[in-house]
Amino acid sequence: MVQFQRDHLETLLAAVDAGTFDAAARELSITPSAVSQRVKAMEQLVGRVLLQRTTPIAPTPDGEVVLRHARQVRLLDEETSRALDVPDSDVPGRTPSIPLAVNADSLATWFLDALAIVRADTEVVFDLHREDQDRTAELLRAGTVMAAVTAEAEPVQGCSSVPLGVDRYRAVAAPSFVRRYLDGADTERRMTARLDRVPLVDYDRDDDLQQGFLRRVLGHAPRGPRHFVPNSADFARAVQLGFGWGLLPEAQCLGAIERGDLVELTPGRRADVALWWQRWNLASPLLERVTEAVRAVAAERLHQAGSM
C-alpha cells in the first residue's frame, strides 16, 4: 500500500494549481528545489512519473490518480478539523475550497444561485472552472475538480451521476437583424432555410450548438460568416445588438422575446441540452451540501422529464 506524506500531497497540488515549481514554492514558502525534491520522492515511491515538466505543469495519467487522492485528503482533513473545531495547524484559518466545473450558460443563469445557498450558512470558497458541458467531465477525470455540470451521463470512474434537467435554447435574432438579412422570410420554413448563409454568433471555435442545430434542420452546417464571442453574457448581448443569430437559453431570451427585443426565428424547433451532475464518490458533508443545492436549483430552473 502506498502512503504519501501530507506535505508531499500539498506540494503536488500546489505545483499543478500554480503551474510551475517556482510559483508553488512561493505559495508554500519553500524553495523550488524543495518542491522538486518532494515531487521526485513521490515518483520514486510509486515508480511512476506523476508530473509533466511542461509550462504549465500537467499531471500524467498516474499523476491524475494521485492528484485526486490529494484533493480528497485535503477536503476530508479540513472537514474533520472543522467538525472538531480544531484549526488547521499548517494553514491557520484556511477555508475549505471546492473545485467545480460548469458550462458558461449554466454559470450565467442558475448555477451561482445554487452556490449562494451553500454560502448562506457554510464557510467555503469555490474554485470554478468554466468549460463547455461536453468537456467538463474531462476535468473530473484529471482530478482537477470534485464535481461538474456535464452533458455526459455515463459516470466518470469513481464518480456518481444524476440528471439535472434540460436547458432549452431558442434560435433568436434582433429585429434589426431580421429586417436586414431575413426580410421576406414569412414562414418558419423559409426563415430556417435563410439561416444557412447569414451571420451567426458562436461562443468559440469548438461551439457546436448553432452548427449542430442547422445540421439537424437542413442536413448540413451553416455556411455564413461567424462571430466568436467567448462569454455567455456578451454572447447574448451580441445577438441582441444584431451581430448575428444565435441560440440562447430561455433564461436569457424569453423576456426579450416577450418585449419584442428579440425575434424567435424557429418557434417550432428548439435545441435541448440535457445536463448531469457528476461528483466524486466521497463521504463529504460539504460536497453533499453542494450537490443538494445544485439539484434543488436545477429542478426549479431547468425543464424536467415529464414536464417537457
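Predicted model: local features only at pLDDT ≥ 70, side-chain atom pairs only at ≥ 80, totals over all residues.
A salt bridge here is a side-chain nitrogen of Lys or Arg within 4 Å of a carboxyl oxygen of Asp or Glu. Residues are numbered from 1 along each chain as its sequence is written, and side-chain values use heavy atoms, with hydrogens and water left out.

Arg6 has a salt bridge with Glu10, with the closest N and O atoms 3.4 Å apart. The two sit four residues apart in helix H1, so about one helical turn separates them (helices are DSSP runs of H or I, at least four residues, and strands are E runs of at least two, numbered from the N terminus). Glu10 is buried at 12% relative accessibility, whereas Arg6 is partly exposed at 24% (buried means under 20% relative accessible area, exposed over 50%, partly exposed in between, with a 1.4 Å probe and protein chains only).

Arg6 also pairs with Asp77, this time with the closest N and O atoms 2.6 Å apart. Asp77 is partly exposed, with a relative accessible area of 29%.

Then there's Asp62 with Arg48, a salt bridge at 3.2 Å, N to O. Asp62 belongs to H4 and Arg48 to the loop between H3 and strand S1 (51–52), so this pair ties together parts 14 residues apart in sequence.
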